[in-house]
Amino acid sequence: MESSPVTHAANPTNLVIAIDGPSGSGKSSVSKAVARALGAAYLDTGAMYRAITYSVLDAGTDLSDAAAIATAVREAKLEISVDPDHEHVVIGDTVVTDAIREPRISEQVSAVATNLEARAELVRRQREIIATNVRIVAEGRDITTVVAPDANARILLTASEEARLRRRGIQLGGTQDASALASQVLERDKKDSTVVNFTQAADGVITVDSSDLDFEQTINAVLDAINTAAKK
Ligand SMILES: Nc1ncnc2c1ncn2[C@@H]1O[C@H](COP(=O)(O)OP(=O)(O)O)[C@@H](O)[C@H]1O
Ligand SMILES: Nc1ccn([C@H]2C[C@H](O)[C@@H](COP(=O)(O)OP(=O)(O)O)O2)c(=O)n1
């Protein structure tokens, strides 16, 4: 399935693509591939929540101390790359690109994601990053609804629980047993869902269900959805 290049009627170069979805639906990998195809930057907003989680854990902060987490986010020196081919995340003076993917972070990141003050500050920074990039694909949980509701195209990428657990298990090299995977994927989504809706498409958001699609088919389905949105 071929997808034609995307243009936006008002400004042929300016492009913001917003992609949300649950854990393991393929947001990061598919969004990166879509960004490459469109010659766009790529913003992984989940990496920002993960980096803050790394730093509060590193500082020995009690994760039940909401005020301390909010302060940590406001004061955080956080750098995140927007090159889909080179991921680089730095918090303070520490490079955390790989460390933020560890299961211990996945298991605890909801403490930051459900902190409303932390969210407000990270949303502010995400909007700044989006505004400074002419073409960008941004993905997370609230990009279509809160961070960039005016994006040129807004997509909810979903997949069945079974597909998402299977994909995450393979991605982590079979190192996690079923209950650890369920905690990192399903229970985390349940906690995160208390503050943001990423299970149902908001008005104007196109749903792409990747349960029965392979990786290439999913990329093409998202590119097609972007073209459909651009024609509206
Ligand atoms: N349609 C698909 N079919 C099979 N595997 C996929 C598909 N989409 C993504 N994957 C794989 O599933 C894993 C999880 O994808 P990822 O992009 O990390 O999801 P998310 O960012 O939504 O948590 C990755 O290893 C990715 O390559
Ligand atoms: N825009 C966002 C992005 C991520 N989050 C939260 C939800 C997740 O628990 C964490 C980590 O997100 P991430 O996209 O890295 O998670 P997955 O790779 O999909 O498992 O951050 C959020 O609340 N809002």
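This is a predicted model: local features need pLDDT of at least 70, side-chain atom pairs count only at pLDDT 80 or more; totals for chains, interfaces and linings use all residues.
Ligand 1 is surrounded by 17 residues. The closest are G26, K27, S28, S29 and R167. Three helices, α1, α8 (161-171) and α10, each supply at least two residues of this shell. The largest share comes from α1, with four residues. By residue type, the shell around ligand 1 holds ten polar, four charged and three nonpolar residues.

Ligand 2 has 17 residues around it as well. Of these, S23, G46, Y49, A113 and G140 come nearest. At least two shell residues come from each of α1 (27-38), α2 (45-58), α5 (110-113) and α9 (178-192). Here α2 gives the most, with four residues. The shell around ligand 2 divides into six charged, six polar and five nonpolar residues.

At 1.5 Å a residue, the twelve residues of α1 should span 16 Å. The end C-alpha atoms of α1 are 16 Å apart, so the two values agree. The buried residues of α1 are K27, S28, V30, S31, A33, V34, A35 and L38. Two of these, K27 and S28, are also among the residues closest to ligand 1. Just after α1, G39 takes a positive phi of about 60 degrees.

According to the unreviewed UniProt entry, the annotation "binding site" covers G21, P22, S23, G24, S25, G26, K27, S28 and S29. G21 is found in the loop between β1 and α1. G21 counts as buried because it has 29 C-beta neighbours inside 10 Å, and 20 or more are needed. Beyond four places in sequence, G21 touches K27, L156, L157, T158 and F198.

S23 lies in the loop between β1 and α1 too. S23 is buried because 21 other C-beta atoms lie within 10 Å. Leaving aside its neighbours within four places in sequence, S23 is in contact with R164, V185, R188 and D189. S23 is also one of the residues that come nearest to ligand 2. The annotated residues G26, K27, S28 and S29 are among the closest to ligand 1.

Key
Residues are numbered from 1 along each chain as its sequence is written. Chains are lettered from A and ligands numbered from 1 in the order in which they are written. A residue is near a molecule or strand if its C-beta atom, placed from the backbone, lies within 6 Å of it. Ala, Val, Leu, Ile, Met, Phe, Trp, Tyr, Cys and Pro count as nonpolar, Asp, Glu, Lys and Arg as charged, and the others, Gly among them, as polar. The expected span of a helix is 1.5 Å times one less than its number of residues. A residue is buried if 20 or more other C-beta atoms lie within 10 Å of its own, exposed if 12 or fewer, and partly exposed in between; C-beta atoms are placed from the backbone. UniProt positions are given in the numbering used here, feature names are shortened, and annotations may be inferred rather than shown by experiment. Two residues are in contact if their C-beta atoms, placed from the backbone, lie within 7 Å.
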